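Subject: Structure handover

Hi,

Here is the structure I promised to pass on. Please open it beside this email, and then read the notes below.

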Amino acid sequence: MTDLDACRALLAGGSRTFLAASYLLPRAVRDAACALYAWCRVADDAIDGVPGATPEARAAATGTALDTLRQRLAAIYAGADGADAVERAFAAVVREHAIPRALPDALLDGFDWDARGRRYESLADLRAYAARVAGSVGAMMALVMGARSVDALSRACDLGVAMQLSNIARDVGEDARAGRVYLPLAWLREEGVDVATLVAAPRFDAALGRVVTRLLAEAEGLYARAGAGVALLPASCRVGIESARSLYGEIGREVGRRGGNSVDARAVVSVARKAALLSKAVVARHRVDTLHVSLPPLPETRHLVEASGAVRPQAARPAASAQGRVVWLIDLFDRLERADRVPHAGALR
């Protein structure tokens, strides 16, 4: 079994939706994305899955796991091949695509925040979290696709943050039942929503719906910004990224159609709607949006963009057509989507 085979096997066991979605990308990009995603999953599991009898013990164990991950990441950036198949595959991607260490470091920071149960006072605080767990992945994916301009990287980070906000809006009830709250605390207070009550007995009401709807509006703005970056990607990658943008955006819109109620049921997108969105993605992949394309990066993702733009790739990416894979994936998405559940890991979902 090759290192890449090991990455695919890992993803097939717990990230099947991503594995299916990756087939919308050309082969070279798909292979690199699988290696990158597998490393992210291993890191997330190592931090989030650390046992601890008490909160203090869990925090200590999380810190130890994070230290180990950072040491192994430092070894990769010092030129080591990696300690196992996933690390070796990831190390090869780091070298071939000149991925700066600031990006996986940011992702580890976000995983650490999750493991410690951090909550977020303001939208800016929440975007700082989303920048780490999802914007960093967006930037790494852009680099894998060979997109290294400030505009392309800024829009890739916008997409990652937007997708994370959609995840949060969709999973309010599920997160609350697990003791997690991601909605901005200031917004909840403004609406009179008590966090302790929400966690103890998650219940939907109009006040909570207004908070969720407000978050969805923020996500929609970022999806619009991200759409401008699709035309900056290699032509062979545009269908896959436009499809992800459309499908994730539709998840949020489905929550919105329910008045922001993501407590009583989890929003899903029908197969027919997915088919329509994927068809539109094929048409929209060449769209040029001059309104949003040159907007500066979000303040919370600026450091990711600056780090990514400071290096140059070692090799150009070969292209391959992805359009022919769209139709047969529709049914596969439907069968796998709800079986693939991962704790909040942003674009990793």
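First, a cut-off. A residue counts as buried when its relative accessible area is under 20%. A salt bridge needs a side-chain nitrogen of Lys or Arg within 4 Å of a carboxyl oxygen of Asp or Glu. Keep in mind that this is a predicted model.

**An arginine without a partner**

R238 is the residue I would show you at the outset. R238 is buried, yet it has no salt bridge. How far away is the nearest side chain of opposite charge? That side chain is E242, and it is 9.5 Å away. R238 sits in helix α13, which spans residues 235-257. What does the side chain of R238 have close by instead? One of its polar atoms lies 2.8 Å from the backbone oxygen of L233.

**The overall picture**

The chain has 16 helices and zero strands. It is 349 residues in length, and 57% of them are buried. Take the contacts with a separation of 6 or more: residues 24 or more positions apart account for 78% of these. The exposed surface comes to about 13,700 Å². Carbon and sulfur atoms supply 57% of that surface.

**Salt bridges**

Side chains of opposite charge can pair when their charged atoms come close. How many salt bridges does the structure hold? The count is 29. Three of them follow.

*D3 and R88.* These side chains meet in a salt bridge at 2.9 Å, N to O. D3 lies in helix α1 (residues 3-14) and R88 in helix α5 (residues 85-97), so the pair ties together parts that are 85 residues apart in sequence. D3 has a relative accessibility of 24%, so it counts as partly exposed. R88 is at 33% and is also partly exposed.

*E174 and R266.* This salt bridge has an N to O distance of 3.9 Å. The pair links distant parts of the chain, 92 residues apart. E174 belongs to helix α9 (residues 172-177). R266 is in the loop between α13 and α14 (271-284). R266 counts as buried, because its relative accessibility is 18%.

*E220 and R253.* Here the N to O distance is 2.6 Å. E220 comes from helix α12 (residues 206-227) and R253 from helix α13. They are 33 residues apart, and the pair links distant parts of the chain. E220 is partly exposed at 32% relative accessibility. R253 is partly exposed too, with a relative accessible area of 30%.

**One more buried position**

A33 is in helix α3 (residues 27-48). A33 has a relative accessible area of 1%, so it is buried. The C-alpha atoms of A33 and M145 are separated by 9.2 Å. Along the chain, these two residues are 112 residues apart.

That is the handover. Write back with any questions.

Best wishes

Methods
Residues numbered from 1 in each chain as written. Predicted model: local features only at pLDDT ≥ 70, side-chain atom pairs only at ≥ 80, totals over all residues. Heavy atoms only, no water. Helix = DSSP H or I, 4+ residues; strand = E, 2+ residues; numbered from the N terminus. Buried < 20%, exposed > 50% of the residue type's maximum accessible area, 1.4 Å probe, protein only. Contact = heavy atoms within 4.5 Å. Areas by Shrake-Rupley, 256 points an atom, 1.4 Å probe, with all protein chains shown as cover. Lys, Arg positive; Asp, Glu negative; His and termini not counted. Polar contact = N/O pair within 3.5 Å; in protein donor to acceptor, adjacent residues only side chain to side chain.
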